[in-house]
Amino acid sequence: MSVCEFKPGLEGIPAAQSSISFVDGQQGLLEYRGIRVEDLAQKSTFLETSYLLIWGELPTREQLAAFEHEVRYHRRIKYRIRDMMKCFPESGHPMDALQASAAALGLFYSRRDLDNPAYIRDAVVRLLAKIPTMVAAFDLMRKGNDPVRPRDDLDYSANFLYMLNEREPDPLAARIFDVCLMLHAEHTMNASTFSARVTASTLTDPYAVVASAVGTLGGPLHGGANEEVIGMLEEIGSVENVRPYIEECLQRKAKIMGFGHRVYKVKDPRATILQNLAEQLFEKFGHDKYYDIAVEIERVAEEKLSQKGIFPNVDFYSGLVYRKLGIPTDLFTPIFAIARVAGWLAHWKEQLAENRIFRPTQVYSGLHEADYIPIEQR
Ligand code: SDX
């Protein structure tokens, strides 16, 4: 068998055949099961989009109602998981708390029955339903408070914001948050989805698959960038400081957080929608100076980086939306994870349907037939 040339980061190397989503990086196009993400953002909801991604088609009214009902009534987490989370250090990062608690879910549902569609559906419902509860619970507990029980009378996004802020959200805020979840739900073979597929291919349980993917998403080059962007905006502090800051960054070859993408060589279509959502929030709830700084960063970065195909990605404006919704900065990436669970589960199912364990090869660059040198001679 011929060995392909080694490509760092597997750049441009197909790792799977998939029909879940499609990206055209030159056109700035993103489709979920063939439907433009702009259409879904305008007309769908996160749970309906999750159903589309996972089962491959838009649900009928009855299918959607049944799915929403199941997710609604599986939001509670076992008291043992809450007790476990109470032992987490409050200084710990919420992504580490999420990874630990997602893996712990597997302790309660460890029977693996991957050939059984009912088992698959139960795991999908439990993970979509319980991940938001665990994210909100850790945030309250790290402040020394008891977590808030989920409310069955609130829809998916309103319930999450309720559990986080202990009050019902404004309907516009809940809708905008739901659109953010749709925009972050799926994105072809990104690092965390690849991680999910590799883990899935060993036929382990779906809770371990999601825990693997959460760990991968947390890095600043991937899902962790949204948190870094806010830090950058705060560090810049004013529109006047943008140009010197960007020039200094580029001078030392540092990456501008929220910019660039392995696939998009134009502005990420999700960034455009998120920018519009941010503007809607500012119009209703008051302006945010960091938005002006962000727009100036985009303008200066366009001047300096657009010729390299570097434009804002999904992480550049998402943090401004979450900040305006009163969400703590270190919860931005866990919220990215809440949304991406839908995509990871879709890829988990797709991998199982025609599975072969991932086992790539390598280009060996080490020694051969080396001698063992006794320790006294080293
Ligand atoms: C996500 O894959 C996905 O789909 C991910 C995602 C999803 O939905 O799952 O879209 C979500 O992870 C978005 C990306 C979030 N990360 C960031 O915003 C961090 C900053 N961005 C970069 O680290 C970078 O752009 C990556 C990691 C996103 C992509 O990097 P690549 O494709 O490996 O590109 P590279 O690092 O090889 O850079 C190529 C050139 C280099 O310049 P040269 O050495 O050739 O002169 O572009 C430059 C880089 O220095 N470059 C940047 C830059 N990103 C790339 N220069 C300044 N600022 C940047 N942000």
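By class, the shell around the ligand comes out as 11 nonpolar, seven polar and seven charged residues. Here Ala, Val, Leu, Ile, Met, Phe, Trp, Tyr, Cys and Pro count as nonpolar, Asp, Glu, Lys and Arg as charged, and the others, Gly among them, as polar. The model is a predicted one, where local features need pLDDT of at least 70 and side-chain atom pairs count only at pLDDT 80 or more, while totals for chains, interfaces and linings use all residues. Numbering runs from 1 along each chain as its sequence is written, and side-chain values use heavy atoms, with hydrogens and water left out.

So who sits around the ligand? Of the 25 residues there, His 187, His 261, Arg 262, Arg 270 and Arg 340 come nearest (a residue is near if one of its heavy atoms lies within 4 Å).

Now for some polar contacts, meaning pairs of N or O atoms within 3.5 Å. A backbone N or O atom of Ile 256 is 2.8 Å from a ligand nitrogen atom, and a backbone N or O atom of Phe 259 also lies 2.8 Å from a nitrogen atom of the ligand. Arg 262 uses a polar side-chain atom, 2.8 Å from a ligand oxygen atom.

Notes
A polar contact is a pair of N or O atoms within 3.5 Å; within protein, one must be able to donate a hydrogen and the other to accept it, and residues adjacent in sequence count only if both atoms are side-chain atoms.
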